[in-house]
Structures are given as structure tokens and as C-alpha cells.
Amino acid sequence: MKTALKLSAVAAALCVSAAVQAQSNAPIKVGLMLPYTGTYAALGNMIENGFKLYVQEQGGKLGGREIQYFKVDDESDPSKGTDNVNKLIKRDQVDVLVGTVHSGVALAMAKAARENDTLLIIPNAGADAITGPMCAPNIVRSSFSNWQPGYAMGVVAGQRGHKRAMTITWNYAAGAETVKGFREGLEKGGGQVIRDLTLPFPNVEFQALLTEIAAQKPDAVYAFFAGGGAVKFVKDYAAAGLKGTIPLYGPGFLTDGTLQAQGPTAQGLETTLHYADNLDTPRNNSFRKNFAITYKANPDVYAVQGYDAAQLLGAGLNAVKGDISKRDALTSAMRKTVVDSPRGKFTISKAGNPVQDIYLRVAKGENNEVKAVAVKALADPARGCKM
Ligand code: PHB
């Protein structure tokens with residue numbers, strides 16, 4: 001009897017350890033919450049392709065674990081953000097969330113990630129608050145804060161002696177925050193923003209606003225639009241006779257992934273961003289080559305950010321040998337890593353945002369070509385982050 005009891009105890013223990021073993025060999029569940037429809041659809045696809053390219057380059061595994069994907073189309077709709085992120089957290093029980101593009105949706109994701117203590121890697125959305133007052137150990141960004149490229153463009157515009165600028169953008173967090181960064185940089189150089197123009201996201205009826213710009217005749221215009229909206233805006237700006245008359249600046253999203261569709265209307269436009277297509281480094285060249293072979297298309301900044309989101313996750317998982325339950329060790333490794341990005345090496349700030357060079361670029365042919373480093377190793381001020 002005693003022996004029988006002992007044997008069944010041993011059998012039970014073996015079962016438990018087999019279950020633990022199976023779990024630790026199970027794939028890591030990655031929840032991709034991205035826009036696959038609407039004005040930002042192309043951006044979502046680029047991010048997914050970039051992420052998967054890095055995983056593929058690692059033989060399909062990160063930290064020795066297979067990766068299993070779960071997908072939700074967030075439609076860039078903030079009102080559906082909480083429901084959508086809960087599909088991944090509660091229904092699919094993902095280990096890590098990767099998303100999204102739109103700042104308003106990302107704010108809902110960050111709130112849910114904090115409440116559920118789910119790991120979140122943001123491959124685009126720049127919402128300043130996420131690496132500001134909402135900063136948390138389990139949230140890291142592979143992209144930028146809205147303030148970063150805006151501030152750099154303001155510095156450049158100030159250096160060029162522009163005194164009176166107007167801004168135009170969609171009326172939501174990303175637009176408001178990038179304009180704030182631009183204003184801060186411009187004022188440092190002695191210029192000022194005389195008027196801010198906005199329209200609701202994702203509207204593209206620019207005509208009345210362009211008429212207003214023509215009437216005010218500022219020294220420069222700063223515009224944030226992206227994806228399909230950026231294509232339409234740049235075309236309309238030229239059609240209104242403003243191109244070549246009033247310099248048009250913007251964060252690089254204005255011309256990234258859009259040059260083919262914008263055609264001649266975008267040629268010569270100068271923007272600031274943490275990536276430029278023709279950065280002539282072995283890292284960028286091999287990334288672009290592998291991307292083109294895999295997807296028969298050229299990558300853009302969104303693909304880079306997706307690729308680097310996977311690099312960040314890989315750095316975390318490698319540090320814990322794939323044991324995602326070792327959360328503290330994993331997140332601290334993600335934050336300590338130096339990411340060898342196609343954009344150039346970057347580090348992660350205490351608040352979880354990339355500290356990175358911001359380039360001044362010019363649109364030439366189908367590339368956004370680097371002209372200079374606008375601001376070196378720019379760190380977001382992370383106002384309100386207590387960590
Ligand atoms: C944002 O909403 O934060 C956003 C969207 C598209 C971009 C950049 C930022 O290209």
C-alpha cells in the first residue's frame with residue numbers, strides 16, 4: 001500500500017513537471033494589434049512584416065521559443081481600443097502585445113497593459129503620455145515620441161531663420177503633440193507659430209485650410225499627416241500652388257511609405273525622422289536587402305519599427321533563456337539593450353522610449369535621403385514619468 005502511494009505521488013510529480021516543461025516549450029503568444037484597414041492600413045502591414053522578418057532571420061524563434069501570432073485589426077478607432085485589446089489579453093491570453101499605430105488607440109492599450117500587467121511593445125504610436133505620466137516597467141516603445149521629430153524640425157526651421165510658421169494636422173494626440181514639439185524647437189531659434197489649423201481624423205478635406213495658409217503667407221508650414229492622408233495632403237498642397245512658394249516641413253511620416261503615390265508633388269520635401277532610406281551602413285543595407293527579397297517591396301520607417309520591436313522582445317527573451325515568467329529580468333534586459341537598428345544603434349530611456357538621432361531628410365525619387373543629423377541622440381523629456 002505504502003509503495004503504491006509513493007508510486008502515484010511520483011507519477012503525479014512527473015505529470016506536473018511534464019506540464020511545466022510543455023508550457024516552457026510552448027510558443028510565445030504575440031498579439032499584433034494594428035490597423036489593417038483605413039488610412040493607416042499600409043503602416044500596420046509594414047510593422048507586421050518588419051516584426052516577422054526579424055523573427056524569420058532568427059530561425060523563427062526568439063530566446064529559443066517559437067512565436068505564435070494572434071491578430072486584431074484596430075481600425076485606428078480609439079472608441080474600440082479597449083474591446084480590441086481585451087480580445088488579445090483575455091480571449092487569446094497573449095504573452096506580449098505589439099501595437100499600435102494610432103496614438104489614441106495606443107493610449108487604450110497602455111491603460112489595459114498597466115491594469116493587466118501585460119507586456120506591451122509599441123511599434124509606432126508616439127503618444128507622449130505613454131512614456132510620460134503613464135510610463136511603466138512593462139511598456140517599451142521601439143519607435144519615437146510625438147515630441148521627438150517635431151522638436152527636431154522646429155530646431156531646423158529656427159536655424160533657417162523662419163520667424164512666422166503655421167501648423168496643420170489632424171485634431172488628436174499625435175497631431176497636437178508633434179505641433180507642440182515643433183513649436184518648442186522653433187521658439188528656441190527665435191521663431192513662432194502664428195496659427196494652428198486642424199481637422200478631425202481621418203478627414204482629408206484640406207481646401208479651406210489651404211486657402212487660409214495662402215492668405216496668411218507664413219514663412220513656413222509644418223504638417224503632420226501619415227498614410228493615405230499624407231498622400232492626399234502633399235498632393236493638395238502642390239495643387240493649391242503652395243509648393244515652391246511656402247516651404248512645407250513635417251515629421252518624416254509626411255513622406256514615408258508614400259513617395260510613389262505622391263509622385264512629383266513630394267519631391268524635394270524636407271522632413272525630420274529617426275530613419276532615412278539610404279543610410280549607408282551594413283546593418284541598413286542588409287535589412288533592406290532581406291526585406292526586399294522576402295516581401296518584394298522596399299521597407300519604410302514602419303517596417304524598421306516593427307523589426308526593432310521584435311529585436312527588443314528578442315533581447316528580453318534571450319536574457320531569460322525564453323522563460324517569459326521571469327518578467328523583471330526580461331523587462332530590465334529589454335531596457336538595457338543597445339538595439340542594433342537599421343536606423344543606427346539606439347538605447348531605451350528610463351521611461352521606455354528610444355534615445356536616437358533624428359535625421360533631416362529630403363525626398364528624392366522613391367527615397368527619403370539623409371541630408372544631416374538634425375539632433376543627435378535626442379531623448380524625449382518624459383515629462384510626468386515617475387519611475
Ligand atoms: C500616431 O498616432 O501616434 C501616429 C500615427 C501615424 C504616424 C505617426 C504617429 O505615422
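Helices (H or I, at least four residues) and strands (E, at least two) are DSSP runs, numbered from the N terminus. With these names, Lys217 lies in the loop between α7 and β9 (220–224). The model is a predicted one, in which local features need pLDDT of at least 70 and side-chain atom pairs count only at pLDDT 80 or more, while totals for chains, interfaces and linings use all residues. Residues are numbered from 1 along each chain as its sequence is written, and side-chain values use heavy atoms, with hydrogens and water left out.

**Helix packing**

Two packed helices are described by the angle between their axes and the distance between the axes. Axes are lines fitted to C-alpha atoms, for helices over the stretch in contact, and angles run from 0 to 180 degrees between N-to-C directions.

| Helix pair | Angle | Axis distance |
|---|---|---|
| α5 (residues 147–159) and α6 (residues 173–188) | about 30 degrees | 6 Å |
| α3 (residues 81–91) and α4 (residues 103–116) | roughly 40 degrees | within 9 Å |

The angle makes α3 oblique to α4, whereas α5 and α6 are therefore roughly parallel to each other; angles under 35 degrees count as roughly parallel, over 145 as roughly antiparallel, 65 to 115 as roughly perpendicular and the rest as oblique.

Contact means heavy atoms within 4.5 Å, and the residues of α3 that make the contact with α4 are Gly81, Thr82, Val85, Asn86, Ile89 and Lys90, which meet Val105, Ala108, Met109, Ala112 and Asn116 of α4. In the other pair, the residues of α5 in contact include Trp147, Tyr151 and Met153, and those of α6 include Phe182, Glu184 and Lys188.

**Around the ligand**

A residue is near a molecule if one of its heavy atoms lies within 4 Å of it, and of the 16 residues around the ligand, Val101, Ser103, Gly126, Tyr172 and Tyr302 come nearest. A polar side-chain atom of Tyr172 is 2.5 Å from a ligand oxygen atom, and for Ser103 the corresponding distance to an oxygen atom of the ligand is 2.6 Å. The side chain of Tyr302 has an N or O atom 2.8 Å from an oxygen atom of the ligand.

**Backbone details**

Most residues other than glycine have a negative phi, and most peptide bonds are trans. Lys217 has a positive phi, near 45 degrees. The peptide bond between Gly99 and Thr100 is cis, with omega about 0 degrees, and Thr100 is placed in the loop between β4 (96–98) and α4. Another cis peptide bond runs from Phe201 to Pro202, with omega near 0 degrees, and Pro202 is found in the loop between β8 (192–199) and α7 (207–216).

Notes:
A polar contact is a pair of N or O atoms within 3.5 Å; within protein, one must be able to donate a hydrogen and the other to accept it, and residues adjacent in sequence count only if both atoms are side-chain atoms.
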